[in-house]
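Here's a quick briefing on the inside of a protein model: its core, its cavities and its aromatic pairs. Have a look at the structure first, then read on.

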Amino acid sequence: MTASTASAASAASAAPADLLYSDTEDELRAAVRSLLADRSSPAAVLARLEQDRPYDPELWNTLATGIGAAGLLVPEKLGGQGASHREAAVVLEELGRSVTPAPYLTSAVVATEILLACAPASPGATALLGELAAGRTVCVPALPLTLGPGGPLPAGPPTAPVAAVADAAAAHTFLVLADSGLYAVPAAEATRADRTPLDLTRPLATVTPHPGAGTLLADPATARHAVRRGLLAGAGLLASEQLGLADWCLTETVGHLRTRHQFNRPVGSFQALKHRLAQLWLDVASARAAARAAADALATGAADTELVVSVAQAYCSGVAVRAAEECVQLHGGIGMTWEHPAHLYLKRAKADSLALGTAAHHRTRLAALADLPSP
(Lines give C-alpha, C1' and ligand atoms only; values in the text may rest on other atoms or scores of the structure.)
Protein backbone atom coordinates (compact mmCIF):
# COMPACT_ATOMS: atom_id res chain seq x y z
CA MET A 1 0.00 0.00 0.00
CA THR A 2 1.41 3.37 -0.99
CA ALA A 3 1.57 6.34 1.38
CA SER A 4 -1.18 8.16 -0.49
CA THR A 5 -3.40 5.07 -0.48
CA ALA A 6 -2.80 4.54 3.21
CA SER A 7 -3.63 8.18 3.88
CA ALA A 8 -6.83 7.91 1.88
CA ALA A 9 -7.84 4.72 3.67
CA SER A 10 -7.15 6.33 7.02
CA ALA A 11 -9.20 9.36 6.08
CA ALA A 12 -12.07 7.14 4.96
CA SER A 13 -11.97 5.25 8.23
CA ALA A 14 -11.97 8.47 10.25
CA ALA A 15 -14.77 10.10 8.24
CA PRO A 16 -18.27 9.98 9.75
CA ALA A 17 -20.56 7.33 8.29
CA ASP A 18 -22.77 8.56 5.47
CA LEU A 19 -26.12 6.85 6.05
CA LEU A 20 -27.98 8.55 3.19
CA TYR A 21 -28.65 6.73 -0.07
CA SER A 22 -26.75 8.01 -3.09
CA ASP A 23 -28.36 8.59 -6.49
CA THR A 24 -26.61 5.45 -7.76
CA GLU A 25 -28.02 3.40 -4.89
CA ASP A 26 -31.52 4.77 -5.54
CA GLU A 27 -31.25 3.81 -9.22
CA LEU A 28 -30.06 0.32 -8.29
CA ARG A 29 -32.94 -0.04 -5.83
CA ALA A 30 -35.46 1.00 -8.49
CA ALA A 31 -34.11 -1.58 -10.94
CA VAL A 32 -34.12 -4.43 -8.40
CA ARG A 33 -37.54 -3.50 -7.02
CA SER A 34 -39.04 -3.36 -10.51
CA LEU A 35 -37.59 -6.78 -11.37
CA LEU A 36 -38.85 -8.38 -8.17
CA ALA A 37 -42.29 -6.79 -8.51
CA ASP A 38 -42.64 -8.34 -11.97
CA ARG A 39 -41.08 -11.74 -11.31
CA SER A 40 -41.31 -12.41 -7.59
CA SER A 41 -44.74 -11.37 -6.39
CA PRO A 42 -46.06 -13.07 -3.23
CA ALA A 43 -48.31 -15.25 -5.41
CA ALA A 44 -45.35 -16.35 -7.54
CA VAL A 45 -43.22 -17.14 -4.47
CA LEU A 46 -46.05 -19.19 -2.92
CA ALA A 47 -46.61 -21.06 -6.18
CA ARG A 48 -42.95 -22.09 -6.39
CA LEU A 49 -42.92 -23.14 -2.73
CA GLU A 50 -45.99 -25.32 -3.30
CA GLN A 51 -44.12 -27.06 -6.13
CA ASP A 52 -41.00 -27.47 -3.99
CA ARG A 53 -39.06 -25.27 -6.43
CA PRO A 54 -38.30 -22.13 -4.41
CA TYR A 55 -35.60 -20.81 -6.74
CA ASP A 56 -36.34 -19.18 -10.08
CA PRO A 57 -33.21 -19.60 -12.28
CA GLU A 58 -34.41 -17.04 -14.83
CA LEU A 59 -34.99 -14.45 -12.11
CA TRP A 60 -31.53 -15.11 -10.69
CA ASN A 61 -29.99 -14.81 -14.15
CA THR A 62 -31.61 -11.41 -14.67
CA LEU A 63 -30.61 -10.19 -11.22
CA ALA A 64 -27.07 -11.52 -11.45
CA THR A 65 -26.23 -10.69 -15.07
CA GLY A 66 -28.91 -8.31 -16.35
CA ILE A 67 -28.56 -5.93 -13.43
CA GLY A 68 -25.07 -7.10 -12.53
CA ALA A 69 -25.86 -7.56 -8.85
CA ALA A 70 -23.81 -10.75 -8.48
CA GLY A 71 -20.56 -8.92 -9.16
CA LEU A 72 -21.09 -5.78 -7.07
CA LEU A 73 -18.39 -6.72 -4.56
CA VAL A 74 -15.95 -8.01 -7.18
CA PRO A 75 -13.36 -5.50 -8.48
CA GLU A 76 -13.60 -4.52 -12.14
CA LYS A 77 -10.19 -6.03 -12.91
CA LEU A 78 -11.60 -9.41 -11.84
CA GLY A 79 -14.72 -9.02 -13.98
CA GLY A 80 -17.06 -7.49 -11.41
CA GLN A 81 -18.81 -4.16 -10.98
CA GLY A 82 -16.30 -2.71 -8.51
CA ALA A 83 -19.06 -1.38 -6.26
CA SER A 84 -19.17 -1.65 -2.48
CA HIS A 85 -21.11 -3.17 0.39
CA ARG A 86 -23.45 -0.19 0.33
CA GLU A 87 -24.80 -1.17 -3.08
CA ALA A 88 -25.00 -4.85 -2.09
CA ALA A 89 -26.95 -3.77 0.99
CA VAL A 90 -29.53 -2.05 -1.19
CA VAL A 91 -30.02 -5.28 -3.18
CA LEU A 92 -30.48 -7.21 0.06
CA GLU A 93 -33.01 -4.67 1.33
CA GLU A 94 -35.14 -5.34 -1.74
CA LEU A 95 -34.70 -9.11 -1.50
CA GLY A 96 -35.78 -8.91 2.15
CA ARG A 97 -38.75 -6.72 1.23
CA SER A 98 -39.97 -9.40 -1.19
CA VAL A 99 -38.65 -12.50 0.70
CA THR A 100 -37.44 -13.73 -2.68
CA PRO A 101 -35.70 -17.11 -2.58
CA ALA A 102 -32.31 -16.22 -4.08
CA PRO A 103 -28.77 -17.22 -3.07
CA TYR A 104 -27.58 -13.61 -2.97
CA LEU A 105 -26.44 -13.43 0.67
CA THR A 106 -24.63 -16.76 0.51
CA SER A 107 -23.12 -16.51 -2.99
CA ALA A 108 -22.75 -12.83 -3.88
CA VAL A 109 -21.74 -11.75 -0.36
CA VAL A 110 -20.30 -14.46 1.92
CA ALA A 111 -18.71 -16.70 -0.74
CA THR A 112 -17.48 -13.69 -2.70
CA GLU A 113 -15.84 -12.17 0.39
CA ILE A 114 -14.16 -15.49 1.18
CA LEU A 115 -12.77 -15.75 -2.35
CA LEU A 116 -11.65 -12.10 -2.36
CA ALA A 117 -9.57 -12.83 0.74
CA CYS A 118 -7.87 -15.72 -1.11
CA ALA A 119 -7.30 -13.94 -4.47
CA PRO A 120 -5.11 -13.06 -6.27
CA ALA A 121 -2.63 -15.41 -4.58
CA SER A 122 -4.95 -18.28 -5.41
CA PRO A 123 -5.56 -18.68 -9.18
CA GLY A 124 -8.49 -20.97 -8.43
CA ALA A 125 -10.18 -18.35 -6.26
CA THR A 126 -9.56 -15.65 -8.87
CA ALA A 127 -11.08 -17.77 -11.62
CA LEU A 128 -14.10 -18.60 -9.47
CA LEU A 129 -14.62 -14.91 -8.69
CA GLY A 130 -14.82 -14.20 -12.41
CA GLU A 131 -17.48 -16.88 -12.83
CA LEU A 132 -19.44 -15.51 -9.87
CA ALA A 133 -19.29 -11.94 -11.12
CA ALA A 134 -20.50 -13.01 -14.56
CA GLY A 135 -23.43 -14.83 -13.01
CA ARG A 136 -22.35 -18.12 -14.59
CA THR A 137 -22.13 -19.98 -11.31
CA VAL A 138 -23.54 -19.93 -7.78
CA CYS A 139 -21.02 -20.60 -5.04
CA VAL A 140 -22.20 -21.39 -1.52
CA PRO A 141 -20.04 -21.73 1.62
CA ALA A 142 -20.51 -25.14 3.20
CA LEU A 143 -20.94 -23.59 6.63
CA PRO A 144 -23.82 -23.83 9.12
CA LEU A 145 -26.20 -20.91 8.63
CA THR A 146 -26.06 -20.18 12.35
CA LEU A 147 -22.28 -19.66 12.37
CA GLY A 148 -21.52 -16.03 13.18
CA PRO A 149 -18.34 -13.93 13.12
CA GLY A 150 -16.16 -14.54 16.13
CA GLY A 151 -17.53 -18.03 16.67
CA PRO A 152 -15.47 -21.25 16.56
CA LEU A 153 -14.92 -22.36 12.97
CA PRO A 154 -15.59 -25.95 11.83
CA ALA A 155 -12.63 -28.31 11.87
CA GLY A 156 -12.06 -31.72 10.37
CA PRO A 157 -11.37 -33.47 7.08
CA PRO A 158 -12.74 -32.14 3.76
CA THR A 159 -15.26 -34.99 3.70
CA ALA A 160 -16.90 -34.09 7.02
CA PRO A 161 -20.67 -33.49 6.68
CA VAL A 162 -21.84 -29.92 7.30
CA ALA A 163 -25.38 -29.39 8.56
CA ALA A 164 -27.76 -26.47 7.94
CA VAL A 165 -26.06 -25.18 4.77
CA ALA A 166 -28.28 -22.46 3.29
CA ASP A 167 -29.04 -22.33 -0.45
CA ALA A 168 -27.27 -25.65 -1.05
CA ALA A 169 -29.97 -26.59 -3.56
CA ALA A 170 -29.01 -23.62 -5.77
CA ALA A 171 -25.25 -24.16 -5.55
CA HIS A 172 -22.98 -25.14 -8.43
CA THR A 173 -19.91 -25.08 -6.16
CA PHE A 174 -19.38 -25.39 -2.42
CA LEU A 175 -16.57 -23.71 -0.47
CA VAL A 176 -15.48 -26.31 2.09
CA LEU A 177 -13.37 -25.33 5.10
CA ALA A 178 -11.19 -28.14 6.45
CA ASP A 179 -8.13 -28.56 8.62
CA SER A 180 -6.03 -28.73 5.47
CA GLY A 181 -7.40 -25.52 3.89
CA LEU A 182 -10.24 -24.21 1.77
CA TYR A 183 -11.61 -26.33 -1.11
CA ALA A 184 -13.87 -25.56 -4.06
CA VAL A 185 -16.07 -28.63 -4.44
CA PRO A 186 -18.45 -28.97 -7.43
CA ALA A 187 -22.00 -29.70 -6.30
CA ALA A 188 -21.92 -32.91 -8.35
CA GLU A 189 -19.05 -34.14 -6.15
CA ALA A 190 -20.96 -33.77 -2.89
CA THR A 191 -24.00 -35.43 -1.36
CA ARG A 192 -26.84 -33.09 -0.46
CA ALA A 193 -29.51 -34.16 2.05
CA ASP A 194 -32.31 -31.60 2.14
CA ARG A 195 -33.83 -30.69 5.51
CA THR A 196 -37.21 -29.24 6.39
CA PRO A 197 -36.55 -25.61 7.30
CA LEU A 198 -38.82 -23.16 9.10
CA ASP A 199 -38.11 -20.62 6.36
CA LEU A 200 -39.10 -22.28 3.09
CA THR A 201 -37.63 -19.38 1.09
CA ARG A 202 -34.09 -20.20 2.24
CA PRO A 203 -33.82 -24.03 2.17
CA LEU A 204 -31.26 -25.87 4.28
CA ALA A 205 -29.35 -29.09 3.63
CA THR A 206 -26.58 -31.25 4.99
CA VAL A 207 -23.64 -31.29 2.56
CA THR A 208 -21.05 -34.09 2.50
CA PRO A 209 -18.18 -33.78 -0.02
CA HIS A 210 -17.06 -36.98 -1.69
CA PRO A 211 -13.55 -38.33 -0.86
CA GLY A 212 -10.92 -36.62 -3.01
CA ALA A 213 -13.39 -34.08 -4.38
CA GLY A 214 -12.60 -30.45 -5.02
CA THR A 215 -9.66 -28.15 -5.60
CA LEU A 216 -7.54 -26.64 -2.85
CA LEU A 217 -7.86 -22.83 -2.92
CA ALA A 218 -6.00 -21.73 0.19
CA ASP A 219 -3.81 -22.96 3.03
CA PRO A 220 -5.36 -23.38 6.52
CA ALA A 221 -4.36 -19.95 7.88
CA THR A 222 -5.56 -18.08 4.78
CA ALA A 223 -8.73 -20.14 4.68
CA ARG A 224 -9.71 -19.36 8.25
CA HIS A 225 -8.98 -15.66 7.79
CA ALA A 226 -11.05 -15.65 4.62
CA VAL A 227 -14.01 -17.40 6.24
CA ARG A 228 -13.97 -14.95 9.15
CA ARG A 229 -14.04 -12.07 6.64
CA GLY A 230 -16.95 -13.67 4.81
CA LEU A 231 -18.94 -14.18 8.00
CA LEU A 232 -18.38 -10.57 9.08
CA ALA A 233 -19.61 -9.18 5.77
CA GLY A 234 -22.53 -11.59 5.75
CA ALA A 235 -23.64 -10.60 9.24
CA GLY A 236 -23.31 -6.90 8.44
CA LEU A 237 -25.36 -7.10 5.24
CA LEU A 238 -27.93 -9.50 6.69
CA ALA A 239 -29.05 -6.48 8.73
CA SER A 240 -30.12 -4.82 5.46
CA GLU A 241 -32.21 -7.85 4.51
CA GLN A 242 -33.86 -7.67 7.94
CA LEU A 243 -34.45 -3.95 7.45
CA GLY A 244 -36.20 -4.51 4.11
CA LEU A 245 -38.35 -7.23 5.64
CA ALA A 246 -39.36 -5.05 8.60
CA ASP A 247 -40.11 -2.09 6.34
CA TRP A 248 -42.45 -4.20 4.18
CA CYS A 249 -44.28 -5.49 7.26
CA LEU A 250 -44.79 -1.96 8.60
CA THR A 251 -45.95 -0.56 5.24
CA GLU A 252 -48.37 -3.41 4.56
CA THR A 253 -49.79 -3.27 8.08
CA VAL A 254 -50.41 0.48 7.91
CA GLY A 255 -52.08 0.06 4.52
CA HIS A 256 -54.32 -2.70 5.85
CA LEU A 257 -55.38 -0.77 8.94
CA ARG A 258 -56.24 2.26 6.82
CA THR A 259 -58.74 0.32 4.72
CA ARG A 260 -60.09 -2.20 7.24
CA HIS A 261 -63.15 -0.75 9.04
CA GLN A 262 -64.76 -1.60 12.35
CA PHE A 263 -67.62 0.27 14.00
CA ASN A 264 -67.79 2.40 10.84
CA ARG A 265 -64.25 3.77 11.20
CA PRO A 266 -60.80 2.65 10.00
CA VAL A 267 -59.22 0.18 12.39
CA GLY A 268 -56.02 2.20 12.29
CA SER A 269 -57.78 5.19 13.83
CA PHE A 270 -57.94 3.51 17.24
CA GLN A 271 -55.46 5.09 19.63
CA ALA A 272 -53.94 1.84 20.88
CA LEU A 273 -53.04 0.75 17.35
CA LYS A 274 -51.63 4.18 16.52
CA HIS A 275 -49.23 3.87 19.44
CA ARG A 276 -48.11 0.39 18.39
CA LEU A 277 -47.46 1.50 14.83
CA ALA A 278 -45.67 4.67 15.91
CA GLN A 279 -43.30 2.62 18.07
CA LEU A 280 -42.73 0.18 15.23
CA TRP A 281 -41.94 3.06 12.88
CA LEU A 282 -39.32 4.31 15.33
CA ASP A 283 -37.83 0.81 15.58
CA VAL A 284 -37.61 0.46 11.79
CA ALA A 285 -36.05 3.93 11.46
CA SER A 286 -33.43 2.96 14.05
CA ALA A 287 -32.83 -0.35 12.27
CA ARG A 288 -32.23 1.56 9.04
CA ALA A 289 -29.54 3.64 10.74
CA ALA A 290 -27.87 0.54 12.22
CA ALA A 291 -27.95 -1.42 8.95
CA ARG A 292 -26.68 1.52 6.90
CA ALA A 293 -23.87 2.10 9.39
CA ALA A 294 -22.79 -1.54 9.08
CA ALA A 295 -22.83 -1.40 5.27
CA ASP A 296 -20.88 1.86 5.27
CA ALA A 297 -18.32 0.51 7.75
CA LEU A 298 -17.76 -2.58 5.58
CA ALA A 299 -17.47 -0.42 2.47
CA THR A 300 -14.94 1.98 3.96
CA GLY A 301 -13.00 -0.57 6.01
CA ALA A 302 -13.65 1.39 9.19
CA ALA A 303 -11.55 0.49 12.20
CA ASP A 304 -14.67 -0.31 14.25
CA THR A 305 -16.35 -2.45 11.58
CA GLU A 306 -16.69 -5.52 13.81
CA LEU A 307 -18.34 -3.46 16.54
CA VAL A 308 -20.74 -1.72 14.13
CA VAL A 309 -21.70 -5.04 12.54
CA SER A 310 -22.53 -6.57 15.92
CA VAL A 311 -24.61 -3.51 16.86
CA ALA A 312 -26.57 -3.87 13.62
CA GLN A 313 -27.16 -7.59 14.06
CA ALA A 314 -28.06 -7.34 17.75
CA TYR A 315 -30.66 -4.68 16.93
CA CYS A 316 -32.06 -5.54 13.49
CA SER A 317 -32.78 -9.20 14.32
CA GLY A 318 -35.26 -8.21 17.03
CA VAL A 319 -36.86 -5.46 14.97
CA ALA A 320 -37.49 -7.78 12.02
CA VAL A 321 -39.11 -10.43 14.22
CA ARG A 322 -41.28 -7.90 16.03
CA ALA A 323 -42.37 -6.22 12.79
CA ALA A 324 -43.36 -9.59 11.32
CA GLU A 325 -45.23 -10.59 14.47
CA GLU A 326 -47.12 -7.28 14.50
CA CYS A 327 -47.88 -7.72 10.81
CA VAL A 328 -49.44 -11.15 11.37
CA GLN A 329 -51.40 -10.07 14.43
CA LEU A 330 -52.70 -6.76 13.08
CA HIS A 331 -53.79 -8.41 9.86
CA GLY A 332 -56.12 -10.51 12.00
CA GLY A 333 -57.16 -13.85 10.53
CA ILE A 334 -55.74 -13.25 7.05
CA GLY A 335 -52.24 -12.97 8.47
CA MET A 336 -52.34 -16.64 9.39
CA THR A 337 -53.49 -18.05 6.05
CA TRP A 338 -51.19 -19.67 3.49
CA GLU A 339 -52.51 -17.41 0.73
CA HIS A 340 -51.40 -14.21 2.49
CA PRO A 341 -47.61 -13.74 2.45
CA ALA A 342 -47.36 -12.49 6.08
CA HIS A 343 -46.35 -15.95 7.32
CA LEU A 344 -43.42 -16.00 4.87
CA TYR A 345 -42.08 -12.82 6.45
CA LEU A 346 -42.48 -14.14 9.98
CA LYS A 347 -40.64 -17.36 9.10
CA ARG A 348 -37.84 -15.49 7.31
CA ALA A 349 -37.50 -13.09 10.27
CA LYS A 350 -37.31 -15.96 12.75
CA ALA A 351 -34.74 -17.82 10.64
CA ASP A 352 -32.70 -14.66 10.10
CA SER A 353 -32.59 -14.10 13.86
CA LEU A 354 -30.50 -17.30 14.09
CA ALA A 355 -28.44 -16.76 10.93
CA LEU A 356 -24.80 -15.62 11.17
CA GLY A 357 -24.99 -15.38 14.95
CA THR A 358 -27.95 -14.73 17.22
CA ALA A 359 -28.60 -11.34 18.81
CA ALA A 360 -27.26 -12.75 22.09
CA HIS A 361 -24.05 -13.84 20.33
CA HIS A 362 -23.56 -10.36 18.91
CA ARG A 363 -24.35 -8.65 22.24
CA THR A 364 -21.71 -10.80 23.93
CA ARG A 365 -19.28 -10.04 21.12
CA LEU A 366 -20.16 -6.35 21.34
CA ALA A 367 -19.41 -6.30 25.06
CA ALA A 368 -15.97 -7.78 24.44
CA LEU A 369 -15.21 -5.37 21.60
CA ALA A 370 -16.28 -2.38 23.71
CA ASP A 371 -14.45 -3.73 26.79
CA LEU A 372 -17.66 -3.94 28.80
CA PRO A 373 -18.87 -6.75 31.09
CA SER A 374 -21.02 -9.32 29.26
CA PRO A 375 -24.79 -9.06 29.86
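Just after α7, G135 takes a positive phi of about 75°. Helices here are DSSP runs of H or I with at least four residues, strands are E runs of at least two, and both are numbered from the N terminus. Keep in mind that this is a predicted model, where local features need pLDDT of at least 70, side-chain atom pairs count only at pLDDT 80 or more, and totals for chains, interfaces and linings use all residues. Residues are numbered from 1 along each chain as its sequence is written, and side-chain values use heavy atoms, with hydrogens and water left out.

**Helix α7 and what sits over it**

- Helix α7 spans residues 123–133, and its buried residues are A125, L128, L129, G130, L132 and A133. Buried means under 20% relative accessible area, with over 50% being exposed and anything in between partly exposed (1.4 Å probe, protein chains only).
- The cover over those buried α7 residues includes helices α4 (57–66) and α6 (104–118), along with strands β1 (139–141), β3 (173–178), β4 (181–186) and β7 (215–218).
- T173 is found in β3 and is buried, at 11% relative accessible area.
- Contact means heavy atoms within 4.5 Å. Skipping residues up to four places away in sequence, T173 touches L128, T137, V138, C139, V140, A184, V185, P186 and A187.

**The nonpolar core**

- The largest nonpolar core has 117 residues, and L63, V91, Y104, V109, F174 and L175 touch the most other members. Such a core is a set of buried Ala, Val, Leu, Ile, Met, Phe, Trp, Tyr and Cys residues joined through side-chain atoms within 4.5 Å.
- Helix α8 (residues 220–259) gives the most to this core, at 17 residues.
- Leaving out neighbours within four places in sequence, Y104 is in contact with W60, L63, A69, A70, L72, A88, V91, L92, L95 and V109.

**Aromatic pairs**

- How many aromatic pairs does the structure hold? There are 2. Rings of Phe, Tyr and Trp (its six-membered ring) pair if their centres lie within 6.5 Å; planes under 30 degrees apart are stacked, over 60 edge-to-face, and the rest tilted.
- The W60 and Y104 rings sit 6.4 Å apart at their centres with planes at 65°, so that pair is edge-to-face.
- W60 is in helix α4 and Y104 in helix α6, so the pair ties together parts 44 residues apart in sequence. Both W60 and Y104 are buried.
- W248 and Y345 make a stacked pair, 3.8 Å centre to centre with 5° between the planes.
- W248 lies in helix α8 and Y345 in helix α11 (residues 342–352), 97 residues apart. W248 is buried at 12% relative accessible area, and Y345 is buried at 2%.

**Cavities**

- The count is 2 cavities of 30 Å³ or more. A cavity is a set of points on a 1 Å grid over the protein atoms alone where a 1.4 Å probe fits but cannot get out, and lining residues have an atom within 4 Å of a point.
- The largest cavity has a volume of about 130 Å³; a volume is the space filled by probe spheres set on the points, which are joined across faces, edges and corners.
- Its lining includes L105, V110, P141 and L231, and α6 supplies the largest share, 3 residues.
- The second largest cavity holds about 50 Å³ of space, and Y104 is among its lining residues, as are D167, R202, E241 and R348.

Conventions. 1 Å grid on protein atoms, 1.4 Å probe; cavity = no way out; pocket = protein on both sides within 12 Å on 5 of 7 lines; lining within 4 Å.
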